[in-house]
Structures are given as C-alpha cells and as structure tokens.
Amino acid sequence: MNDKQHTIKAPVTVSGIGLHTGVSATMTFCPAPVNHGYKFQRIDLPGQPVVDADVDNVVDLSRGTTIEQNGARVNTVEHTLAALVGLQIDNVMIQLDGPEPPIMDGSSFEFIKAIQEVGLEEQNALRNYFEIPEEIRYVEHGRAVEIAALPLNDYRLTVMVDYNSPVLGSQHASLNDITQFTTEISSSRTFCFLHELEALYKSNLIKGGDLSNAIVVVDRVVSDEELTELATMLGKPKVAVKKEGILNNVDLRYKNEPARHKLLDLVGDLALVGRPLKGQILAARPGHAANVAFAKKIKKKMMEANTSSVPSYDPAREPVLDINQISQILPHRYPFLLIDKIIHLDQTTVTGVKNVTMNEPFFPGHFPGNPIMPGVLQIEAMAQTGGILVLNTVPDPENYLTLFLGIENCRFRKKVVPGDTIIFRCQLLSPIKRGIAKMKGQAFVNGKVVMEAEMSAAIVRKDA
C-alpha cells in the first residue's frame, strides 16, 4: 500500500445519464490539496455548494447511496468513490452539473479509465490510515446480513452473496490487494432481478436504467407477452431471454460478476468513513443500508481513537517533513531546533518526533550525573511542533513566525531522559482567527503522557 497521499495531475471529465434520476450530467474530477479528501460540488446550483463524502451526510439508501449537505444532494455516489479508492487517490474535488454521477456502463471502470488518462500526482503528506484496532461487527439477523472488520496491516475484502436463485446461487468475491481493484473488480456492473425491475420503475427509480448499464437477472420463465411489456418499459424494440439467465442474453464479464459488484459497492460505501482503511473486511449478503450502518460503526471507533489514543510512530515510514524541510519553515537552528521530524499534519492536528540523546547541549549542565530534559525545553519543542501546524495555514510560511502569547494548564507527568523518543501532538482548540491560534498539546514517551499544556500563539510576518 502506498504511504503518500495522491491527487490527480489534471481535471478530467466524463458525461452520461444518471441511473436513478435519468438526468444527463457532466462530472469533472479536479486535483485537490493535501488532506482535502473526497468532496462533490454541485456547480449547477446557486452558490455551487460542496457536499463532503461523509457517512454522516447519507440521507437515502434506495438502491444506491445518496448524500446531502449545504442544501445540495448527490445521488448514487458509490461507484465514483470506489474508483477513487481503487486507484488509491486521496484528494479530489468532484464537480457535477446534475443530481447524480453518470452511470456509464454500470461499473467503476469508465471513471478509472478517464482518471488514468491524466495520471496521478504524489503529494508531500502521509496517508492518514485508520487501522482497525479490534473486531468491529454489524449484524442484521432478519436478513442474515453480517459484516466484520478485523485488524490487518493491509486492506482486503471478501464478499459472499446468496440469492437463492438458480441463475446466480451462492457467490464469493475477494480483493486481496487494493492495487488489483482496477483489473479484478472495477468493470463489474450493477444488477437487479427481473421481479425487482417493475417495482423500481414504480418507485420512480432507475429512470436511466438500460440494458447497456445494468444486468437484469431472469430467474423464472417469462412469457412473450411479458417480454413485450418489458421492451416497452425499457424503450427497446425487443428483448429476449433464455429459459433462465440474463435479460437480452447479455454476457457476464465474470461468472461471479454480481458478487464482484457487491464488493465494488462495499469499497465505495466504506470510503464514506473519510480515511483510507487498513483491515480485513468480511461481508455476508451486504447492501447499501448495511454498508452505511457498518461505516458509521467504523467512524465512531475512529472518532474514539482520535480523542483517546496515543499517536502511533513507525520509524520506518517516511515522514511528512524531515529535518531539512522543517528547517525551511521554522527559523530555529542548533542548539534550539528541537524536533527531528513531522509524522502527521492535517488542517487541525500535527504530530512531531524528538529523539532525546545524551549529546543534547543542555544535559552537561542540567542535573549532571542524573540527566533530565528541562521542562521548559519540552514546552519549546511542543511549541515548535505546533508552529508547523499554524504556519501550514499560510501560503508562504517561510515569511512568517509564530510567537508565544501564553501557556495554560501545563503539567509535567514524568521525567524525560536520554534514550527517550518524545511524540508531540498539537491540536487546534478552535479555528485560527485574526492570526491567533490556540492549541492543546501533549507529549508522549512509551505510550504515556509526560507533559501537556494549552498554548496560544500569534502568526506575524518576519518583517513586522
């Protein structure tokens, strides 16, 4: 799995009709900055409102996943989001001039094909994975639906479906490596059963449904009269079917294409948790309602982890900023540049690392023979970490300084000694206003809090 965030190199556009609304729309994938995530923008509405691809914005699950925010609604987002996850793209603005992405051929392949034409661009930030910490399970006993997430240092999915149909029967599909999504999963098309078709039309859905963008499974004998009615419903001169099979005798791309499409839907729906996942996902008889309910359970666990967990640090991972990049942002130099690397940076949070060695210049004079890192220097190191976060909000950080305004509620919990690795995490307590930032900072050693404080700082120009 790629550790760096990615966007796309240039805007790319696809056009077509929406599956359920039947409205033609043009959709443009646009490059987006680090930590932007997936957002849709309804450019056809007044003010061009933005809708975050967030599970908390889901408002409808009628045969697809619909999100709404800021008075704007986007229908059937799952195939679009699955394409982005499958390509391991993190940051994209998806501009849409209608209520629903085009259905294309009923899969994610056409989206992937268009994006691959412009290519991906690596960004200087680490992917903010959420690693499943323990088993997370969702069960619907009445419909025998069960979805589970298990800890795994990778992203793998397995789906089982059982339609009690002589045509489809029980099917499995697996994705053991997300890089195989394009070749193994993305071209699997959406489907429904013949008995569902009329009900969907009566529910004012699948207005854009067509035998070119959906598979219709026929699991009973159909009379000539019914075929004529179906042809009228679908706007076709004629439709045909074998005794049992696929309407119009459309060839399946895979024997288990329906199961693969259910896996595609699951990938797209789970994108709504807002972060790339690491874990093993096992799903029996999933559907959009179950997928979204499960995604909400994952997001809840994610939010709990954000507020209570110790920052994870893997020395083998490439940092967001190394010491040379830090030196381009902060004015400090030896012996007062006190952080070695930044391992996480987003719009509200930063995590930095300080390796404490016996060669620090303050140890010979601070408790000689029993070296302890001075508390004031721990605060200074934490302030420098916070300074990276604050300066990340201005367009040319090398032209600005952050100056301390105050420290409150400072506590020192444990002593810090040579050989320790300190992990500093600073988080904005409120949005920065008029150049004033207020943060809560914590310092961790071996998973324990050694120091914490609330800090205020001002952003000022160097020539001010």
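Predicted model: local features only at pLDDT ≥ 70, side-chain atom pairs only at ≥ 80, totals over all residues.
Strand E7 spans residues 66-69. Two bridges join E6 to E7. Within this part of the sheet, Val58 stands opposite Ile67 in E7.

An unreviewed UniProt entry lists His288 and His366 under "active site". Where do these residues lie, His288 and His366? His288 is placed in helix H7, which covers residues 288-308. His366 lies in a loop. That loop runs between strand E21 (349-355) and helix H9 (375-391).

Is His288 buried or exposed? Its relative accessibility is 13%, so His288 counts as buried, the cut-off being under 20%. The value for His366 is 23%. His366 is therefore partly exposed, because its relative accessible area falls between 20% and 50%.

Salt bridges form the last topic. Side chains of opposite charge can pair when their charged atoms come close. How many salt bridges does the structure hold? The structure holds 20 salt bridges.

One of them brings together the side chains of Arg127 and Asp90, at 2.7 Å from N to O. Arg127 lies in the loop between strand E10 (120-126) and strand E11 (130-131). Asp90 lies in the loop between helix H1 (78-86) and strand E9 (92-96). The pair therefore ties together parts that are 37 residues apart in sequence. Arg127 has a relative accessibility of 7% and so counts as buried. Asp90 is buried too, because its relative accessible area is 10%.

Another salt bridge links Arg137 with Glu135. The closest N and O atoms of this pair are 2.3 Å apart. Arg137 has a relative accessibility of 37%, so Arg137 counts as partly exposed. Glu135, at 42%, also counts as partly exposed.

In a further pair, the side chains of Glu140 and Arg143 meet at 2.9 Å, N to O. Which of these two side chains belongs to a buried residue, Glu140 or Arg143? Glu140 counts as buried, because its relative accessibility is 18%. Arg143 has a relative accessible area of 51%. Arg143 is therefore exposed, as the cut-off is over 50%. Salt bridges can also share partners, as in the network that joins Lys4, Glu122 and Glu318.

Conventions. Residues numbered from 1 in each chain as written. Heavy atoms only, no water. Pairing = 2+ DSSP bridges. Helix = DSSP H or I, 4+ residues; strand = E, 2+ residues; numbered from the N terminus. UniProt positions renumbered as here; feature names shortened; annotations may be inferred. Buried < 20%, exposed > 50% of the residue type's maximum accessible area, 1.4 Å probe, protein only. Salt bridge = Lys/Arg side-chain N within 4 Å of Asp/Glu carboxyl O.
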